[in-house]
Amino acid sequence: MLEITHISKTFFPNTPNEVNALRNVNLTLEKETFTAVIGTNGSGKSTLLNAVAGTFELDAGQIRLAGSNITGWPEYKRAKLIGRVFQNPFAGTAAEMSIAENVVLAIHRGQRRSLRTAVTRSLREEVADRVRSLKMGLEDRLDNPIGTLSGGQRQALTLLMATWRKPELLLLDEHTAALDPKSAAKVAELTRDIIKQDKLTALMVTHSMQQAVDLPDRIVMMHKGQIIRDFQGNDKRRVRIPDLLSTFDRVQKKELFDESVAELLYGAYA
Amino acid sequence: MQIHHKTRGDYLFVETEGRLDANWSEHFTDTVMNFVREGHHHLIIDASKMVFLSSAGIRVLLLIFKSIKKVEGRFFIYNATEFVTLTLTTSGFGDWLITALPGDIPGQATSSMQKNYEHFSLESDKGQCLSIHNAWRPWKQVKRSDIKNIKCVDNLFSLGIGSPGMDNTDRGKQFGEFLAAAGHVVYQHPAEESRSDYLIAEQAFIPTMQCIQALTLEGEMANLMRFSPTDEKRFFTLSQIVGTMMAETQMTKAGLVLIGEVEGLVGASLIKSPGALKADSIISYPQIKEWLNFSGERAYARHQAVILGVVSREPVNDEQLLFPLGPDSEYAAHLHAAVFPHQVLQNGRIDLFETLGQFFNGPSPLAVLHLVNDSRPVIGLGESALVRGACWFAPVSDEEVHA
């Protein structure tokens, strides 16, 4: 379970470039739930994900994960509990190393390592089995450098690596945004299957309304560093893309609603 | 594909050159349906230079054919090439093909629609009875005695703020803008993301609205005014439409139902029910943002709207729930618009009840707006406007106000 309580972050404070990226954000993710975060550019959705991952220090607030207060933990320490998939398929893997070697590195993530054979026969068979489940034919290419794979194949493998140890929390940062539509659909499908099968708790940032409607159990909408809408339960079940677009539209209209509009409408509702 | 067009009498000639296939079918549909929207309901597709027709092409021809058949239009494919003729004949659409033009077509191209307005006097010479219920005024707490039940029967036209249903259990949360016309009710649920809902009178069922504000008209419509774009005039503001109909009939106060294609609507709606007010309140800025939604732009272009309301040449009168219609307009009005996805509106003299029936039995309504004239200097959006449509109206001959 993830508990985010009253977190705030301002970048470049007291400068002309000051950005209030997170403003008193509260969010609790129940165990084994899948939540999508959507929002316009600069709404704070990726900053929220990075706050959980420990990319920067918070100005205020607390983050608890699986019973531990991880607010002060550095990024590498949080990695024991958190799996991450980034937007760039080339992030999170070592291009020159083989598929098997990359996967084995992920298997031992957060554990003490020693000088011994990394890819043992039994481990190799286990890797081949899991890679086969991707249905991409990669089980026959375990010795190929991962850098030779397409973006979609590499992102599917990254997803597998990030979830191998069944992390307490899986963070997906627009992980299909840099892929072609067909690969994006495949990776989205894999994401849903893996999260469901492994009963993971996941937080996904996405720009894709379709993914936000199709994949998760819950949709959180952010704007200007705040959560402005939370679709869950019955609300989430009935929500469709036009509803999300209309909510964005409503937010924008609300911003345009100034005192002159108020004066106008006082006249029309006299 | 190249598409050229010219008007010949009542017909629009659409010359198509090239392939009508999957690659071009959407472009072809958009272009031709634009002509249909402008009121060209008799189409002749000149296929003498159409070199290929695929099933995707036949599909869009069928779509266009069905759209204009609904409004009693005519559709022909003229002088088709051998391949197109064979394709249409063998797939069962040979009836569309002609090799000689209908006899009523002029030999030369003519200028397209020349008249902006066309007025029809209907049989009824009776006026309408207007009943105004304005028990609730913003932003007073709603009392039980403020609520009036209005049964939305066939000969009744009503607009205001109300809640559907007859039970009293949840009504305090539900008051939103509505309009009711000939047994059809469209209602905007007062919530930020809510969709508009509708009720249709069927057999013994008569929709009932519990209203805290309502302008209700009973009686028949005495006039029909059609308005259509020309090259010189592409759209009509509500002030222009109302000004023309009132001037032509010398009316000072009228009830109207207007159905037309939207150029842009400017309006507002409640997003929180007045029933939620715990006491008489003064809701100032910025709290007002939690109560009202403003369109913020000229919205719903290319959609269809059913607009219902009361217009008056008399001075603006809050008691009668009338507000300025347009900039420098001599008219006051209270108008609500129900927005629908586009449906083709038949030309000429059409029946109000049949046309309303077509709209309400088609795709669901998208929104209900209380139309406002945004007269703010420089940044104002102006007033709502329509491209083409039909307006039924009648003088208000009797009037009563219930405060």
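**View 1. A loop of chain B around Trp139(B).** In this predicted model, Trp139(B) sits in the loop that runs between strand S7 (128-133) and strand S8 (148-151) of chain B.

View 2. Tyr285(B) and Pro286(B) are joined by a cis peptide bond, with omega at about 5°.

**View 3. Ala66(A) and its positive phi.** Over to chain A, where Ala66(A) lies in the loop between strand S4 (60-65) and strand S5 (68-69). Ala66(A) isn't a glycine, yet its phi is positive, at about 50°. How exposed is Ala66(A)? Ala66(A) has 15 other C-beta atoms within 10 Å, so it counts as partly exposed; the cut-offs are 20 or more for buried and 12 or fewer for exposed.

**View 4. Lys135(A) in a loop between helices.** Lys135(A) belongs to the loop between helix H4 (121-132) and helix H5 (151-163) of chain A. This residue other than glycine also has a positive phi, near 55°. Because Lys135(A) has 11 C-beta neighbours inside 10 Å, it counts as exposed.

Key:
Residues numbered from 1 in each chain as written. Chains lettered and ligands numbered in written order. Predicted model: local features only at pLDDT ≥ 70, side-chain atom pairs only at ≥ 80, totals over all residues. Helix = DSSP H or I, 4+ residues; strand = E, 2+ residues; numbered from the N terminus.
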